[in-house]
Amino acid sequence: MNVNIVDGRKEKIFDGSTKVLIDIFRSTTTIPLILYRGAKYVIPVRTITETRKLKNKNQDYITSGERFGLKIPGFNFENSPYSIMNADLSGKIVLFTSTNGIKVLFKLIKYPGDIYISSFINLTATYNAIKDNENISLVVSNRPDGKSDEDYIYAEMLKSRLEGNEVNIDDYINKIINSHGAKRLKIMGAGHDIDYSIKVDMYNYPVIYRDGKIITKN
Ligand SMILES: O=C(O)[C@H](CS(=O)(=O)O)OP(=O)(O)O
Ligand SMILES: [Mg+2]
């Protein structure tokens, strides 16, 4: 098995490897939780304008997302695990756009190979789904102006586990809690999202991108 941690900001020619998108704060935490809260599926959308156009075509769509961490006026939800965990999304279709994670996702879909959306929320389900694959790219979303240490912490843990090492998840959780990313969330007034980002295996399914949708892989 060959497992690489890759900077999602760089335009890398992703071969046919299995790709795991990682954006702990907060897209790949929020998206599995949207499915956990009953949504049929998530439609990733590049821009706010496109999201609004889709919503205008179908008022039943739910809108969720942010730009630079801030809620988008008129959207139903931010990109907040906390707010999603308190929502009933049964049977809903959720439009989702975000600053980093979705931007990287649209790069990955240009290349062959499965794409998993992963975080602590569906850690074990993701691990079990990919552990027998030969080539795995752990794609960390980062941020336009720098690295997201929380993404690397998760990627290093998953890499270590895939390479057959025993990992103490609590050690990694502590690193997340004390990460620069966590400090940023607190400064943004979103500290309550940290707790919801470390709820290990809340969702027992892998989550994948397929044909324009992000779905639960049953
Ligand atoms: O909403 C978030 O936490 C981030 C935006 S920023 O990095 O805080 O500006 O978006 P994401 O795409 O989830 O990294
Ligand atoms: Mg992020």
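User: By class, how many nonpolar, polar and charged residues does the shell around ligand 1 have?

Analyst: This is a predicted model. The shell around ligand 1 holds 3 nonpolar, 7 polar and 5 charged residues.

User: Which residues come nearest to ligand 1?

Analyst: Asp23, Arg26, Asn79, Asn100 and Arg143, out of 15 residues around the ligand.

User: Which atoms of arginine 26, asparagine 79 and asparagine 100 lie by an oxygen atom of ligand 1?

Analyst: Look for N or O pairs within 3.5 Å. Arginine 26 places a backbone N or O atom 2.8 Å from a ligand oxygen. Asparagine 79 uses a polar side-chain atom, at 2.9 Å. For asparagine 100 a backbone N or O atom lies 2.8 Å away. Taken alone, ligand 1 exposes 360 Å², and the protein buries 98% of that. The space that ligand 1 takes is the largest cavity.

User: Is the peptide bond from phenylalanine 25 to arginine 26 cis or trans?

Analyst: Most peptide bonds are trans. The one from phenylalanine 25 to arginine 26 is cis, with omega near 0°. Arginine 26 sits in the loop between β2 (18–22) and α1 (27–36).

User: What is phi at asparagine 142 and at aspartate 211?

Analyst: Most residues other than glycine have a negative phi. Asparagine 142 has a positive phi of about 60°. Phi of aspartate 211 is also positive, near 50°.

User: Where do they lie, asparagine 142 and aspartate 211, and is each buried or exposed?

Analyst: Asparagine 142 is in the loop between β8 (135–140) and α6 (149–162). Its relative accessible area is 1%, under the 20% cut-off, so asparagine 142 is buried. Aspartate 211 is in the loop between β9 (207–210) and β10 (213–216). At 71%, over the 50% cut-off, aspartate 211 is exposed.

Methods:
Residues numbered from 1 in each chain as written. Chains lettered and ligands numbered in written order. Predicted model: local features only at pLDDT ≥ 70, side-chain atom pairs only at ≥ 80, totals over all residues. Heavy atoms only, no water. Near = heavy atom within 4 Å. Polar contact = N/O pair within 3.5 Å; in protein donor to acceptor, adjacent residues only side chain to side chain. Areas by Shrake-Rupley, 256 points an atom, 1.4 Å probe, with all protein chains shown as cover. 1 Å grid on protein atoms, 1.4 Å probe; cavity = no way out; pocket = protein on both sides within 12 Å on 5 of 7 lines; lining within 4 Å. Sits in = over half its atoms within 2 Å of the grid points. Nonpolar A, V, L, I, M, F, W, Y, C, P; charged D, E, K, R; others polar. Helix = DSSP H or I, 4+ residues; strand = E, 2+ residues; numbered from the N terminus. Buried < 20%, exposed > 50% of the residue type's maximum accessible area, 1.4 Å probe, protein only.
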